[in-house]
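We'll take a walk through it, going from pockets to charges to rings.

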Amino acid sequence: MNKILGLTGGVGMGKSTVARLLGKAGWPVVDSDDLARDVVRPDQPALEEIRRIFGDEFIQTDGRLDRAKMAEHVFKDSSARECLEGIIHPRVRESWQESIAGWRKARQGGVVVIPLLFEVGVESNFDAVLCVACTAETQMARLRERGWGDTQVRQRMEAQIGIETKMDRSDHVLWNEGEIEALEVQLRQLGLVD
């Protein structure tokens with residue numbers, strides 16, 4: 001299959017699980033969260049830009065970004081979040097767009113996981129958009145299992161458009177309430193896995 005798929009969904013709804021299943025089925029997968037971690041490595045210009053704008057207190061003694069401290073800061077201050085996104089998002093976008101260009105040149109498919117796909121307006125890059133969704137109760141339970149408090153969850157959810165909107169704007173919705181086998185069945189029905 002040579003489709004280029006965008007994969008999105010709410011925080012804690014199962015994007016990583018779906019990406020793993022697609023990867024296991026042979027799809028090349030690029031995760032924008034992984035790319036975002038790469039662009040702020042100590043040897044990358046983005047980290048120096050972050051240091052210059054936000055200050056040394058967000059850089060750990062080993063030279064790496066203090067991701068937890070930065071997240072706490074930017075999710076309390078929308079202008080700080082927009083500034084950080086302005087540093088990271090263009091670099092991340094350039095990287096996954098290079099992957100897409102390579103896939104298209106090779107006439108093969110691929111999947112790009114982008115939690116904020118609709119928020120940053122990149123849906124036109126994809127042949128189809130998949131949205132992973134679940135109930136708010138299941139989402140909250142999963143995020144609590146990660147050790148997130150209610151404030152962290154609320155801040156991250158407020159930074160994204162609602163899941164109903166994401167579902168409406170997507171080409172396909174994968175409902176992730178049950179076991180992993182239920183996701184596999186849905187992916188098979190879409191012809192994405194054997």
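What follows covers the pockets, then the salt bridges, then the aromatic pairs.

A quick word on ground rules: this is a predicted model, where local features need pLDDT of at least 70 and side-chain atom pairs count only at pLDDT 80 or more, while totals for chains, interfaces and linings use all residues. Residues are numbered from 1 along each chain as its sequence is written, and side-chain values use heavy atoms, with hydrogens and water left out.

Let's begin with the open space. A pocket here is an open set of points, on a 1 Å grid over the protein atoms alone, where a 1.4 Å probe fits, with protein on both sides within 12 Å along at least five of seven lines; lining residues have an atom within 4 Å of a point. Its volume is the space filled by probe spheres set on the points, which are joined across faces, edges and corners. The largest pocket holds about 1,300 Å³ of space. It has 45 lining residues, and D33, R67, F75, P115 and R156 are the closest to its centre. Helices are DSSP runs (H or I, at least four residues), numbered from the N terminus. Those giving two or more residues to this lining are α1 (15–24), α2 (32–39), α4 (67–74), α5 (78–105) and α7 (150–158). The largest share, 8 residues, is from α5. By class, the lining splits into 21 nonpolar, 10 polar and 14 charged residues (Ala, Val, Leu, Ile, Met, Phe, Trp, Tyr, Cys and Pro count as nonpolar, Asp, Glu, Lys and Arg as charged, and the others, Gly among them, as polar).

Now find the second largest pocket, with a volume of about 150 Å³. Of its 13 lining residues, M13, Q139, M157, G162 and I163 are the closest to the centre. Here α6 (136–145) and α8 (163–169) are the elements that contribute two or more residues. This lining has 7 nonpolar, 5 polar and 1 charged residues.

Next, the charges. A salt bridge is a side-chain nitrogen of Lys or Arg within 4 Å of a carboxyl oxygen of Asp or Glu, and the count comes to 12. Take a look at R37 and D34, whose side chains meet at 2.7 Å, N to O. Both residues sit in helix α2, 3 residues apart, about one turn of the helix. R37 is partly exposed at 39% relative accessibility (buried means under 20% relative accessible area, exposed over 50%, partly exposed in between, with a 1.4 Å probe and protein chains only). D34 is partly exposed too, with a relative accessible area of 39%. Another salt bridge links K76 to E72, at 3.3 Å, N to O. K76 is exposed at 59%, while E72 is partly exposed at 48%. Shared partners also tie D38, R41 and D43 into one salt-bridge network.

Finally, the rings. Rings of Phe, Tyr and Trp (its six-membered ring) pair if their centres lie within 6.5 Å; planes under 30 degrees apart count as stacked, over 60 as edge-to-face and the rest as tilted. That rule gives 2 aromatic pairs. One of them is F54 with F58, edge-to-face at 6.1 Å centre to centre and 80° between the planes. F54 is buried at 12% relative accessible area, and F58 is buried at 4%.
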